[in-house]
Amino acid sequence: MNNKSRIAIALTFVVGFSTLACSAADAHKGRINTRQTRQQTRVYNGIAEGSLTRREAGRVARGQARIAAMERRMRASGDGLTAAERVKLEQAQDHQSKVIYNQKHDEQTRADAD
């Protein structure tokens with residue numbers, strides 16, 4: 001194999017790996033944003049079904065807004081999210097998901113509280 005072929009192969013690998021790295025970063029961003037959207041949909045469904053009271057919906061919405069603000073601050077501080085920041089965001093989303101579930105499945109309904 002001559003030097004030109006080796007250089008071409010090396011460049012192909014470098015370009016391929018850099019593309020994968022960019023795709024992985026975009027995938028994480030998409031995963032976090034998709035989860036935020038999915039959780040917001042759960043809140044809207046809870047309101048529509050009457051399983052969330054207005055007070056519960058407000059509390060859950062503030063929690064979602066805190067996570068969105070946290071993500072904006074983290075992204076503004078540099079090039080995307082670090083692994084530690086991603087973990088922190090995902091933990092906050094895990095907690096918020098449990099809050100949404102608990103509020104939707106408690107005994108309070110909109111007809112009872114509003």
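A residue counts as buried when its relative accessible area is under 20%, and the views below apply this cut-off to a predicted model.

**View 1. Helix α3 and its buried residues.** Helix α3 covers residues 83-105, and its 23 residues reach 33 Å from the first C-alpha to the last, close to the 33 Å expected at 1.5 Å a residue. The buried residues of this helix are E85, R86, L89, A92, Q93, Q96, S97, I100, Q103 and K104. Among the elements of the chain, α3 has the highest mean pLDDT, at 95.

**View 2. Helix α2 and its buried residues.** Helix α2, made up of residues 54-76, has 23 residues and spans 33 Å between its first and last C-alpha, which is close to the 33 Å expected at 1.5 Å a residue. Here the buried residues include E56, A57, V60, G63 and Q64, and I67, A69, M70, E71 and M74 are buried in this helix as well.

**View 3. The salt bridge between R31 and E90.** Side chains of opposite charge can pair when their charged atoms come close. In the model, the side chains of R31 and E90 meet in a salt bridge, with 2.6 Å from N to O. This pair links distant parts of the chain, since R31 lies in helix α1 (residues 3-49) and E90 in helix α3, 59 residues apart. R31 is partly exposed, with a relative accessible area of 43%, and E90 also counts as partly exposed, at 22% relative accessibility.

**View 4. The salt bridge between D94 and R35.** The side chains of D94 and R35 meet in a salt bridge at 2.6 Å, N to O. Here too the pair links distant parts of the chain, with D94 in helix α3 and R35 in helix α1, 59 residues apart. D94 is partly exposed at 36% relative accessibility, whereas R35, with a relative accessible area of 19%, is buried.

**View 5. The salt bridge between R75 and E71.** Within helix α2, R75 and E71 are four residues apart, so they are separated by about one helical turn. Their side chains meet in a salt bridge, with 2.9 Å from N to O, and E71 counts as buried at 8% relative accessibility. The count for the model comes to three salt bridges.

View 6. The mean pLDDT of the chain is 80, and 71% of its residues reach 70 or more. Over residues 17-24 the pLDDT is below 50, and this stretch has zero contacts in the model beyond near neighbours in sequence. Among the elements of the chain, helix α4 (residues 110-113) has the lowest mean pLDDT, 63. Where pLDDT is low, the predicted coordinates should not be read in detail.

Key
Residues are numbered from 1 along each chain as its sequence is written. Side-chain values use heavy atoms; hydrogens and water are left out. Helices (H or I, at least four residues) and strands (E, at least two) are DSSP runs, numbered from the N terminus. The expected span of a helix is 1.5 Å times one less than its number of residues. Buried means under 20% relative accessible area, exposed over 50%, partly exposed in between (1.4 Å probe, protein chains only). pLDDT is the predictor's confidence in each residue, from 0 to 100. Contact means heavy atoms within 4.5 Å. A salt bridge is a side-chain nitrogen of Lys or Arg within 4 Å of a carboxyl oxygen of Asp or Glu.
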